[in-house]
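Here is a short briefing on the model shown below. Keep the viewer open while you read, and follow the topics in order.

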Amino acid sequence: MEYTLEEEHYKAYNLLNVGDQAVAAGGNANLRREYYESMLQELRELCADHDKLLDIGCGHGTLMNYANGIFQRVKGVEPSAVECRIAEENDCDVVNAFFDKNWHEEGFSAFISTQVLEHLPDLEEVINTAYRILKPGGVGYFDVPNGHAVYADSRYFDVYMEHINYFSTNSLARILTKCGFSIISIREIFDGSHIAAYVRKEKNRIEFEKHKENDIKKLQSILPKYKSVSVWGAGIKGRSYIQNVIVPEEEHIKHIFDNNSALNGLYIGDCRIPVELPTKEAVNQNDLMIITALEYKNEIIRSLREQYKFCGEIIDIGEIAQE
């Protein structure tokens, strides 16, 4: 909707449009304390680390106080001088500014933005800035009023002069992904009156060929540590991995096992090692087993330990990629 507010509107804004004493009491955030503490814990679990969190549009700092102890460092940015002053009095680290392309501090593990996007005339600038300030792999949380419910239920009392954007789950997901985020989850909250989205800034993807080269190098660093190594899994993933990664190192591989009797005695691509059914004797000739069948990894490990009494080390191709 059209933005009709005065330029200075948010510099003297407080969410409740009441006096300082009532603002300092915490407003609706305190009524929803249990939800927001749970949200911050969920965000922490999604993080690669728990270093720095930024509260975008932090108001008087209620959620920042909840985040202390969950994240090591908590910072806020807020355009309202009124709310910033109250946050500072509550020992919050707050910057009195608009969160836009002029924001320079980066390297945050996570951010939160609660009931902010609906106010913004330039959504993409703010969402792009939120994306930029995150570390690769960092996560964020947005919640906004559920605009779909406002219009679907003709909730005239939920249309405000200050709300110029009205979201559905689809439209919110669309603009967040347009700005580069991956959606972890998006759902209605507070009995459908709001929408919450957890997002991630994905790590830079390695191209296929480079990833394959890296895996070969990692395997080369692993194999010399063991006297005898075998591979378990000649299914589709296993065949691709064996052809691309194992073949250059096949002189170090003793067996390729698979429980599928139809594959017994067959060969994979350029590999000169035949696929064979596992036996207790053959399995226990090894001190390392590499599992390529990731979907059945747990079942294979249990079989190795319980049925075949294998005492050596077990790793899977996913673990090799992460070494």
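An open sheet of 7 strands runs in the order β3-β2-β1-β4-β5-β7-β6, with mixed pairing; strands pair here if DSSP finds at least two bridges between them. Helices (H or I, at least four residues) and strands (E, at least two) are DSSP runs, numbered from the N terminus. This is a predicted model, in which local features need pLDDT of at least 70 and side-chain atom pairs count only at pLDDT 80 or more, while totals for chains, interfaces and linings use all residues. Residues are numbered from 1 along each chain as its sequence is written, and side-chain values use heavy atoms, with hydrogens and water left out.

- Strands β1 and β2 (residues 73-78) run parallel and are joined by 5 bridges.
- Look for Ile56 to see this pairing, as its bridge partner in β2 is Val77.
- Helix α3 (residues 33-46) packs on the sheet and touches β1, β4, β5, β6 and β7, with its direction at about 155° to that of β5; contact means heavy atoms within 4.5 Å.
- Helix α5 (residues 81-89) also packs on the sheet, where it touches β2 and β3, and its direction makes about 160° with that of β3.

**Nonpolar cores**

- The largest nonpolar core has 27 residues, and Leu54, Phe99, Phe111 and Leu117 touch the most other members. Such a core is a set of buried Ala, Val, Leu, Ile, Met, Phe, Trp, Tyr and Cys residues joined through side-chain atoms within 4.5 Å; buried means under 20% relative accessible area, exposed over 50%, and partly exposed in between (1.4 Å probe, protein chains only).
- At least two residues of this core come from each of β1 (52-56), β4 (108-114), α6 (123-133), β5 (134-145), α8 (169-178) and β7 (194-200).
- Helix α6 gives the largest share of this core, 5 residues.
- Another core lies apart from it and holds 26 residues, among them Leu43, Cys47, Ile112 and Tyr141.
- Leaving aside neighbours within four places in sequence, Phe111 is in contact with several residues, including Leu43, Leu53, Leu54, Ile56, Tyr141, Phe142 and Val199.

**The 5-stranded sheet**

- A further open sheet has 5 strands in the order β10-β9-β8-β11-β12, with parallel pairing.
- Strands β10 (275-276) and β12 stand at its edges; each has a single partner strand, so one side of each is left without a neighbour in the sheet.
- Strand β9 (residues 253-257) pairs with β10 in the parallel sense over 2 bridges.
- Within that pairing, Ile256 has Val275 as its bridge partner in β10.

**Residues to click on**

- Thr114 lies in strand β4 and counts as buried because its relative accessibility is 13%.
- Beyond its neighbours within four places in sequence, Thr114 is in contact with Tyr36, Ile56, Leu63, Tyr141 and Asp143.
- Asp91 sits in the loop between α5 and β3 and has a positive phi of about 65° although it is not a glycine. Asp91 is exposed, with a relative accessible area of 72%.
- Lys309, in the loop between α12 (297-307) and β12 (313-316), likewise has a positive phi, near 55°, in a residue other than glycine. Its relative accessibility is 47%, so Lys309 counts as partly exposed.
- Glu319 is found in helix α13 (residues 317-322) and counts as partly exposed at 36% relative accessibility.
- The C-alpha atoms of Glu319 and Leu120 are separated by 43 Å, and the two lie 199 residues apart along the chain.

**The chain as a whole**

- The chain has 13 helices and 12 strands.
- Its radius of gyration is 27 Å, whereas a compact globule of 323 residues would be near 20 Å; the radius is taken over C-alpha atoms, and the globule rule is 2.2 Å times the number of residues to the power 0.38.
- Along its principal axes, the C-alpha trace spans about 80 × 40 × 35 Å.
- Of the 323 residues in the chain, 48% are buried.

How values were computed. Axes fitted to C-alpha atoms, helices over the stretch in contact; angles between N-to-C directions.
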